[in-house]
Amino acid sequence: MTYLAKPKLFRPDTPKNALGYTRRDYEGAISTLCAGCGHDSISAAIVQACFDLDVEPHRVAKLSGIGCSSKTPDYFLGNSHGFNSVHGRMPSVLTGAALANRDLIYLGVSGDGDSASIGIGQFAHAMRRGVNMTYIVENNGVYGLTKGQFSATADKGSKNKRGVVNSDSPIDLVALALQLGASYVARSFSGDKEQLIPLIKGALRHRGPSFIDVVSPCVTFNNHAGSTKSYDYVREHNDAVNRLDVILPRNEISTSYAPGSLRRIVQHDGSVLHLRKLAKDYDPTDRIGAMNHLQERHALGEVVTGLLYVDSSADDMHRHLNTVEKPLNQLGDAYLCPGNKALEGLNASLR
Amino acid sequence: MKPTDIGAPDYFHKVVDCQWACPAHTPVPDYIRLIAAGRYSDAYMINWRSNVFPGILGRVCDRPCEPACRRGRVDKEPVAICRLKRVAADFKDDILDRLPPIPARKNGKRIACVGAGPASLTVARDLTAIGYHVTVFDNGKTPGGMMRSQIPKFRLPDSVIDEECDYIVSRGVETRLERWVSSLRDLLAEDWDAIFVGTGAPRGRDADIPGRQEAAANIHIGIDWLANVAFGHVTSIAKRVIVLGGGNTAMDCCRSARRLGGAEVKVVVRSGFEEMKASAWEKEDAMEEGIPIHNFLVPKEFTHVDGKLTGVSFEKVRAEYDDKGRRSLLPTGEPILLMECDTVLVAIGQENSFPWIERDIGVEFDKWGMPVLDQATLQSTLPKVFFGGDAALGPKNIITAVAQGHDAAISIDLFCRHKHLLDDRPSPLANLVSQKMGIHEWSYDNQVSEESRKKVPSKNLDKALRNIKLELELGYDLRMAYAEAERCLNCDIETIFTNKACIECDACVDICPTECITFTANGEENELRGRLKAPAKNHDQALYVADGLKTGRAMVKDENVCLHCGMCAERCPTGAWDMQKFFLKIPHAGTEVRKE
Ligand SMILES: Cc1cc2nc3c(=O)[nH]c(=O)nc-3n(C[C@H](O)[C@H](O)[C@H](O)COP(=O)(O)OP(=O)(O)OC[C@H]3O[C@@H](n4cnc5c(N)ncnc54)[C@H](O)[C@@H]3O)c2cc1C
Ligand SMILES: Cc1ncc(C[n+]2csc(CCOP(=O)(O)OP(=O)(O)O)c2C)c(N)n1
Ligand code: SF4
Ligand code: SF4
Ligand code: SF4
Ligand SMILES: [Mg+2]
């Protein structure tokens, strides 16, 4: 970490996006995480993705639980809405917010402890309900904030900093998300922004529950030999199935690829996902195939990354529940609280 | 790209933009930090070693450092490097006991310096300090050369010139003032071990157009007139004055005329306003004093009645550029413009002239009348005669004269010791020292100030215009000096990268406020510049490239807009980045060649 705020001096050719904002306009307060923490890189990737997508900061709600990872929303999108909930409860608070106002872009940021340990139930239900959100887990295999205890995603057999071996089986949140109905599922690595940024962009433009598991080394408690969440381990075992480019409707597609090497997926909002194949025969629209591939590779000790599954025609919770389109705060008191007569009518209709 | 050799003394020297741009390579950030720390005498001495005349230069330097200053690339204006130098001079204590001792035992070598301008005085200072007996000749009453005879007192008071010339001439230098050297042959016959010619570029160019002879009484050559003003021979001027020319001499002429009774003073230049030779700040100062500048006008004739000047007629022109970018001024065809006036000051250029140097004694001159010199050693074709300052290169400025004085002194010393002037020349010494004091603590103030440049306070203009001797600028007070000093980005505190320690966590990339750092596949320079996190478009600034990383990528840092804030080093979990102070010792006469 550093104590100083970033100086507000810019390079003369600082790029601006369509809204006239610079990348720096999407930053937040100065991070207090340990120097070299993977989580800071993920924050930078979120900043870049929002800049690239011309996201209006006031249209984003960022929510988190508790943990080093859950602290990060303070360090990006300083002009967006934020809510720091209790440990493991980000999904339910976010679900409530999404129900009240569907116009915002919902970004849930959590840790492996926050989501796979205490918050596993909340995680599961947000996925299966189809909450329209981007759910990012900053996965370091430990409880960083409480000094490095193994979390539920730590691999069996991996060692902690003092050499103690983890004997519990790991939870793979990606496998769970696939099984529970997430319609955009990806895994990435904080140390590979070229892969991570497009994955976040695709998720922000996806309708339905998007889940990204980002392996994010804890330099302080889990970056040693024997860890399976260290920079070195992930670099050595990273097995990317594809590379993604997100093409917005306004951008012209100029690159050409050899036939068969590229998969185009059009999302509901017209944005196009360009997937360059890396693993032969990997089909990111085949949910069961994805689950199989994941298990096979995991058994070999590989960390499968890339856009693993996407269903571009998915619906979300609002469709399922047939909710009102307008945000509640725009409906007005009379509409929200139609009075005794309306209540009596409703009661009568149910008798 | 090949990995950068950061051990090469020039690599980081170029990163310290101001020091690189300064002809004498003054360690600018070093003295600016000392000013911020309130150590004015220390700041003065750093300057004194490099540029010899800190108080003078702190007022009138041409300041090539400021357009080069990195701050100007990330902020509206550069650091006020020049005026901070004046702060060091204004607030220092008595520094006499800090001046290097003059050896009591001389080495027996006698050197003559012709002219007592900044070039000669620098030679004299450097050589007396190592045991030479130096004699300075000048036709003037006091030393200083054009610093004294040309630069108006409202920019540079005599007291400052006296003080800084005194640090040299009162310490073992022999002066022969009011002595015009009329023959180099005779001087050579006096058996000096070496002779330095620092006689400047003393002749003002004339405007040879109709009416010049007839109206001569009211037409003056700018530099002659300024010298007469400086020495009090001229104390007034007519009401309506036209100054011809667009350089700094023209600016000094018009501003002096304003102070001597010229109520309607205007400057007329051939070129466009933008292309004028005068520094931007000189033009601003003149205009602030109510002097209009008319451009694209070529003087055609001095009009006169009964031997009295009545005005100047001008032809209107416009600039045209050919495909090579060369400019020509073409008449617009508009009618001739007549401007009435009582006096004209001609400030359209300066020339060298060496009437006192015989052409058959072995000192060769080229077809432009300039001495033929070895560019590096400043030695003429007659081995014991050296040139420097305006006499060597034509009219330049004080700091260039000083820099050449240092170079000539090194050559003279080597020459007198029968060493080779090039092979035995000492090279600069560079070293790097870590500035880390603690986890987030550095020995320098790495928090970047966001304040804008402080304007130097001046005296009341009405009052200043009534007295030509009254120095206009007050200089910074200490509060302003501190704020201005804090604007310096400490470009000499370098980012040093150790590839072995890097775990490629991207922390430095993410924190860097100006997006200088990229980890990417190495490539050919031009192509690489294009695909950095922020494309590196300024080709004058280096890329720092390091390879040997685990992923096979290269670390590429664009030095261009690095703020030297140290945030990369603070964020680095492994200490792969460190902030190290680059110190460059520029050799002066007497420095030995480094033993490898
Ligand atoms: C009007 C004007 C304003 C200027 N303003 C600035 C400014 O603001 N900042 C800046 O950096 N520079 C300025 N300059 C330029 C600067 O003054 C010169 O570049 C600098 O003084 C050159 O130094 P020098 O040592 O080469 O020679 P000079 O300073 O020219 O000194 C040469 C000396 O040698 C003497 N001399 C010549 N021939 C003989 C001889 N045969 N025998 C004895 N003595 C002799 C001359 O009288 C003179 O005193 C200005 C110049 C002019 C004309
Ligand atoms: C209800 C509750 N139980 C326990 C804690 C203590 N606690 C704080 S953070 C944390 C684990 C965080 O781990 P993770 O989500 O992986 O975040 P990281 O710090 O690793 O990024 C725990 C157990 C708490 N704050 N609240
Ligand atoms: S403890 Fe670990 S997770 Fe927390 S900030 Fe430090 S490195 Fe990051
Ligand atoms: S910021 Fe300071 S060190 Fe850097 S170029 Fe400017 S004056 Fe020199
Ligand atoms: S010192 Fe480091 S962080 Fe600061 S601007 Fe330079 S490269 Fe960037
Ligand atoms: Mg964790």
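Me: How do the residues lining the largest cavity divide by class?
Reply: There are 5 nonpolar, 1 polar and 11 charged residues in the lining of the largest cavity. Ala, Val, Leu, Ile, Met, Phe, Trp, Tyr, Cys and Pro count as nonpolar, Asp, Glu, Lys and Arg as charged, and the others, Gly among them, as polar. This is a predicted model: local features need pLDDT of at least 70, side-chain atom pairs need 80 or more, and totals for chains, interfaces and linings use all residues. Residues are numbered from 1 along each chain as its sequence is written, chains are lettered from A and ligands numbered from 1 in written order, and side-chain values use heavy atoms, without hydrogens and water.

Me: Where does the largest cavity lie, and why?
Reply: It lies between domain 1 (1–22 + 428–596) and domain 3 (215–349) of chain B, because both give residues to its lining. Those bounds come from an automatic or database domain assignment.

Me: New topic. Which protein donors does the magnesium ion (ligand 6) have?
Reply: They are Asp112(A) (OD), Asn140(A) (OD1) and Val142(A) (O), 2.1 Å from the ion. Donors are N, O and S atoms within 2.8 Å of the metal (3.2 Å for Na, K and Ca); water is not among the atoms, so sites may look incomplete.

Me: How are those donor residues spaced in sequence?
Reply: The pattern is D-x27-N-x1-V.

Me: Is Asn140(A) buried or exposed? And Val142(A), buried or exposed?
Reply: Asn140(A) is buried, because its relative accessibility is 4%. Val142(A) is buried too, at 3%. Buried means under 20% relative accessible area, exposed over 50%, partly exposed in between (1.4 Å probe, protein chains only).
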